[in-house]
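I am opening a notebook on a structure that is new to me. I want to look up its nonpolar cores and then its salt bridges.

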Amino acid sequence: MSTFKRKASTRTVGPGLLAGTHASPFSSSTILTSSGIASLDDILGGGLPLSCSLLVTAPDTHSSYGELVQKYFISQGLASGQKVCVIDEEPGRFVSECMWLSNGTSSCDTMTAENKGDSNETDHDAEVEIAWRYEHLKQFRTTVSASEFSADEFCRAFDLTHRVPRHFLDQAIKSSQLMLLDVSSDLTRLIDVIAENLGTSSQEVLPIRICIPLLGSPGWGDLHPKDVLHFVYSLRTILRQYSHGCASVGLPPYMSADSWGGAGWLNKLGWFFDASVTLAGFSADPSLSLTFPSYHGSLHIHTLPAPQSLLSVSDRSSTLRGVSSVSGSTGGRENNLAFKCTKKRLVFETHHLDVEGGVGERRIVPAEKATSRPRSRWRRKQSSRGGGAAMEVELEGELEVEAAAAVEGILTGSLTKRKKVTFQGEQRDLYDF
């Protein structure tokens, strides 16, 4: 009898787990909750563990991708029946701008069906074009979908074209599922309020999400780096005391660079959070937008959650990062990651270069504006032989001079004819006059 046994999947929600959570496939004692973006969950190692915190920075002042990630975090908590606590200058306005499920449904099958419909059309064309030996190979993908990430409704598929219904927000506020807190200059008092809310939720056995979209914005008053570090350290201490809570914190663009907090500012913040990522948008640099037209920015990973372990679970389970065995032939090296925001969703993908030449289609003829130089502007004029060495002279022709002037865009009068003299002796010497 064989001693090998197939490992049962631990991604299904058990009877003892909280709403909108599941156990980590590598540690049954680690409970994960979704960030609202399936590709970001894959990078984090399956999701954000409870009692952990996530820092999202976006230094680009021309975009708000960091706030968009926070809105996904809030929407996922509301759709999963979890408690959500939002701390902002105008928390009501921020929550009302969050995305929601398409057609008011809670299933992630809508976007999955759309993706399958698109893939079926492309697969039908691919079967005709590609060779028969490649028909059974898997299609090249740059991201993960919500449907394959979890069998249950762990991660919902939100649509950016839909907003949270107003009646749903009113009901959530009335039932204390959604708590809106205004910022206060007294950070110590704010920490006490967060601890009180976490203590109340522990009696109801419901997960609670703490979202701070813009920590340190002008509404927070005049904060110094020391004040910010003390606040996030106190927040992390509270999360360690209550194992049913998690937090997602964002910083304004001017605080997301080392120029505000000094050298190594982002590295310091990484030590106070369990996970820290930076969304560097390309809109501030036009050259990057032209070089990578398929992406809106790059993703930089500073730290990843590793609860009860020295090694992050993401190193063994992430498909996008490419360092685990589940990545297939790309395992063993970390991939470059980027993100793009389409009409309906924000997705993180592996970063690949476009087609060589910067075009999206194959060219079989030169471009319309392409010009070519004459093959040779030189012609042999005369050849003579002396007593000791042979001399060969080449003169530049008039037609070639005019063609070169047309290509360079200069006047022919400014060009003078040149000649090359070659002495062929023991050593070949070339002189250009």
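Entry one, the cores. I looked up the largest nonpolar core and found 46 residues in it. A nonpolar core here is a set of buried Ala, Val, Leu, Ile, Met, Phe, Trp, Tyr and Cys residues joined through side-chain atoms within 4.5 Å. Buried stands for under 20% relative accessible area, exposed for over 50%, and partly exposed for in between (1.4 Å probe, protein chains only). The residues with the most contacts inside this core are Tyr72, Ile74, Leu178, Leu279, Leu346 and Phe348. Helix H2 (residues 65–79) gives the largest share of the core, 8 residues. Helices (H or I, at least four residues) and strands (E, at least two) are DSSP runs, numbered from the N terminus. Another core, of 33 residues, lies apart from the largest one, and I noted Cys85, Ile210, Val228 and Phe273 among its members.

A note on the source. This is a predicted model, in which local features need pLDDT of at least 70 and side-chain atom pairs count only at pLDDT 80 or more, while totals for chains, interfaces and linings use all residues. Residues are numbered from 1 along each chain as its sequence is written, and side-chain values use heavy atoms, with hydrogens and water left out.

I found 8 salt bridges in the structure; each is a side-chain nitrogen of Lys or Arg within 4 Å of a carboxyl oxygen of Asp or Glu. Asp170 pairs with Arg166, with the closest N and O atoms 3.3 Å apart. Both are in helix H6 (residues 166–174), and because they are 4 residues apart there, about one helical turn separates them. Asp170 is partly exposed at 38%, and Arg166 is exposed at 52%.

Is Asp274 buried or exposed? Asp274 counts as buried, at 10% relative accessibility. Arg236 is in helix H8 (residues 225–241) and Asp274 in the loop between helix H10 (265–272) and strand E11 (275–281), 38 residues apart. Asp274 also meets Arg240 in a salt bridge, at 2.5 Å from N to O. Arg240 lies in helix H8 too, so this pair ties together parts that are 34 residues apart in sequence.
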